[in-house]
Amino acid sequence: MKIEAKNVKFFYGQDQVLKDISMSIKKNTVTALIGPSGCGKSTFLRLFNRMNDLIEGARLEGEILIDGVDIYNKNINVNELRKTIGMVFQKPNPFPKTIYENVAYGLKVNGVSDKNIIEESVEQSLKQAALWEEVKDKLKKSAFALSGGQQQRLCIARALAVKPSILLMDEPASALDPISSIKIEELIYQLKSSYTILIVTHNMQQASRTSDKTAFFYMGELVEFDDTRTLFTNPKKERTQNYITGRFG
Amino acid sequence: MINEKSQKSIRRQKALSERLQKISKSKFYLIQDEVFKYFGLFCTILGIAVLIVFLFNLFVTAGSRIDWGFLTNLPSRRAAKAGIYTAWVGTLWILVLTTIIALPIGIAAGVYLEEYNKKNRFSSLLEVNIANLAGVPSIVYGLLGLELFARFIGTGESLLTGALTLALLILPVIIVSTREALKTVPYTIREASYALGATKWQTIWNQVLPASLSGIFTGMILALSRAVGETAPLIVIGALAFVPFVPTSVFDSFTVLPIQIFNWVSRPQKEFSVNAAAAIIVLLSITFMMNGIAVYLRHRWQKKIKW
Ligand SMILES: Nc1ncnc2c1ncn2[C@@H]1O[C@H](COP(=O)(O)OP(=O)(O)OP(=O)(O)O)[C@@H](O)[C@H]1O
Ligand SMILES: [Mg+2]
């Protein structure tokens, strides 16, 4: 198992937002996290690169293992950990710098200074993110000059540049137009061969198109976790059934 | 019964919509709008008009007094021969030194308070006090500078004392404007940086500071343009009005433009007040220039970054 969550409980101050969640995720698969707004999907996703550490008063119980190692162990260096786990956010959030610098940033902060290596990785990452052809002539232009969809692929390239093994995506296409959104989906499909991907989405079609497994969350509980095909065609729980057919949530 | 109720309600709604229409058609609101518009315009013009009259008057009195000699002559007891060489060189010295001292400290303090400081009672006490410091009369800073730098540390009546004192004076302003500039950098940028494995320091140094730099500099320049005009604290620490030489090191005594102006204005002869007016033109040019740079920086910043 690439990722394992064992009896995870999570609290913002007094509020418990994740209630005893256990889940195992295989290597090189895409797992979709679905559920109504506020049910804890983002919170759960952000546990894996310890982004919740930045929130004051947040507290975790239980274990999160990546490649068998408890990432909340005292000996774990958070910055090292985050380097191995890429994250893409809901709203494209490029740095106010050039396209090139955006992709190179992760390498630079991790101590890579060899220009040739950086140049090579920038090109490779942009190609992986299916953006290279569109930007190869304007690498020195501001990233803000790109369209929303291009910015989001740039953010994916930026995450890929540091060679993570896991990619966390929090509603990566929800701020994009349908065509850009499809592009991101195709991209996820291609990236699957080399990355373990977790994607939060509110779009049922997107979940069923892109993922191998789907987890349905409701009010901080993991209601159902199964093969995507099974979950969408033959859910075991009534709540899941209601949600995916749009009867609530 | 029910019918009657609903008919009543329909009638009420109808009356309301008629009334709403009447109000939106009424001239009163339009007039109110117009009146305020012209009143605002009048107030704006009044402020500018006073300034223009003042500037015009200055130029008529002293415009012809400004020439190369006025800028390069040393002070003299004879008005016609006196120049502002020592004064503007002193002002320049003070500007540069104050910047060197205040900028790093101000930015560091601003970054600490905004990014590192945990929210607790001590920190809010600190914050309130910094805001208060910005309102302390400048002469108090002068007294502090005299006691602390000139006497206790022993820098005397030197440029260094002056610059240290003015740096203290503008520090609160720089700290506050640094924090404001840092606040404009959205959390998503920091998040993106952390997610790539950057440390807090790397995130602040590589992303947050560069993105807020023009905001910080704008605040800095505005603070400095205030410091350029300060007279009281420098008089207190003993900046002399009559310095017959140009300072060559930070330990030399000095004078600055506002003190030179103050000195000339307080003399009875008319020729000296013309000199003062001429020096005021020079001083104003410097502050206008600095404000111009600040406006330019802000403008460029807003154009470049749209979050
Ligand atoms: N920083 C925070 N401090 C306190 N409570 C929080 C914080 N972030 C989230 N919460 C709460 O935790 C719960 C779960 O939030 P979370 O963002 O994980 O939901 P989500 O499933 O991602 O929702 P959405 O689909 O709207 O993004 C919500 O009730 C939310 O109000
Ligand atoms: Mg969310």
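The legends below describe close-up views of a predicted model.

**View 1. The two domains of chain A.**
The domain assignment divides chain A into domain 1, made of 1–84 + 166–249, and domain 2, made of 92–163. Between the C-alpha centres of domain 1 of chain A and domain 2 of chain A the separation is 25 Å. Contact involves twelve residues of domain 1 of chain A and 14 residues of domain 2 of chain A. About 1,100 Å² is buried between domain 1 of chain A and domain 2 of chain A, with 68% of this on carbon and sulfur atoms. On the side of domain 1 of chain A, the residues that lose the most area to domain 2 of chain A are A:Lys83, A:Leu187 and A:Tyr195, which together make up 40% of what that side buries.

**View 2. Polar pairs and elements between the domains of chain A.**
The count of salt bridges between domain 1 of chain A and domain 2 of chain A is zero. Residue pairs in polar contact between domain 1 of chain A and domain 2 of chain A number two, both at pLDDT 80 or more. On the side of domain 1 of chain A that touches domain 2 of chain A, the elements giving two or more residues are β7 (166–170) and α7 (178–191) of chain A. With five residues, α7(A) gives the most to this side of domain 1 of chain A. By class, the side of domain 1 of chain A that touches domain 2 of chain A holds nine nonpolar residues, one polar residue and two charged residues.

**View 3. A:Lys83 and A:Glu80 in helix α2 of chain A.**
A salt bridge joins the side chains of A:Lys83 and A:Glu80, at 3.4 Å from N to O. Both A:Lys83 and A:Glu80 belong to helix α2 (residues 78–83) of chain A, where they are three residues apart, about one turn of the helix. A:Lys83 has a relative accessible area of 21% and is therefore partly exposed. A:Glu80 is also partly exposed, with a relative accessible area of 41%.

**View 4. A:Glu61 and A:Arg59.**
In the salt bridge between A:Glu61 and A:Arg59, the closest N and O atoms are 2.9 Å apart. A:Glu61 has 31% relative accessibility, so A:Glu61 counts as partly exposed. A:Arg59 has 40% relative accessibility and likewise counts as partly exposed.

**View 5. The interface of chain B and chain A.**
Chain B brings 22 residues to the contact and chain A brings 23 residues. The area buried between chain B and chain A is about 1,900 Å², of which 61% is on carbon and sulfur atoms. One salt bridge is found across the interface of chain B and chain A. The side chains of A:Arg46 and B:Glu191 meet in a salt bridge at 2.8 Å, N to O. Six residue pairs in polar contact, both residues at pLDDT 80 or more, are found across the interface of chain B and chain A. On the side of chain B that touches chain A, α8 (187–195) and α9 (200–229) of chain B each supply at least two residues. Eight residues, the largest share of this side of chain B, come from α8(B). The side of chain B that touches chain A divides into eleven nonpolar, eight polar and three charged residues.

**View 6. B:Glu115 and B:Arg190.**
B:Glu115 and B:Arg190 form a salt bridge whose closest N and O atoms are 2.6 Å apart. B:Glu115 lies in helix α4 (residues 85–116) of chain B and B:Arg190 in helix α8 of chain B, so the pair ties together parts that are 75 residues apart in sequence. B:Glu115 and B:Arg190 are both buried. Elsewhere, B:Glu114, B:Glu127 and B:Arg179 are joined into one network by salt bridges that share partners. Over all chains, a search of the whole structure finds 19 salt bridges.

**View 7. B:Pro210 in helix α9 of chain B.**
B:Pro210 is placed in helix α9 of chain B. The relative accessible area of B:Pro210 is 35%, so B:Pro210 is partly exposed. B:Pro210 and B:Leu182 are 28 residues apart along the chain, and their C-alpha atoms are separated by 9.7 Å.

Methods
Residues are numbered from 1 along each chain as its sequence is written. Chains are lettered from A and ligands numbered from 1 in the order in which they are written. This is a predicted model: local features need pLDDT of at least 70, side-chain atom pairs count only at pLDDT 80 or more; totals for chains, interfaces and linings use all residues. Side-chain values use heavy atoms; hydrogens and water are left out. Domain bounds come from an automatic or database domain assignment. Contact means heavy atoms within 4.5 Å. Buried area is the accessible area (1.4 Å probe) that two parts lose on being put together, summed over both. A salt bridge is a side-chain nitrogen of Lys or Arg within 4 Å of a carboxyl oxygen of Asp or Glu. A polar contact is a pair of N or O atoms within 3.5 Å; within protein, one must be able to donate a hydrogen and the other to accept it, and residues adjacent in sequence count only if both atoms are side-chain atoms. Helices (H or I, at least four residues) and strands (E, at least two) are DSSP runs, numbered from the N terminus. Ala, Val, Leu, Ile, Met, Phe, Trp, Tyr, Cys and Pro count as nonpolar, Asp, Glu, Lys and Arg as charged, and the others, Gly among them, as polar. Buried means under 20% relative accessible area, exposed over 50%, partly exposed in between (1.4 Å probe, protein chains only).
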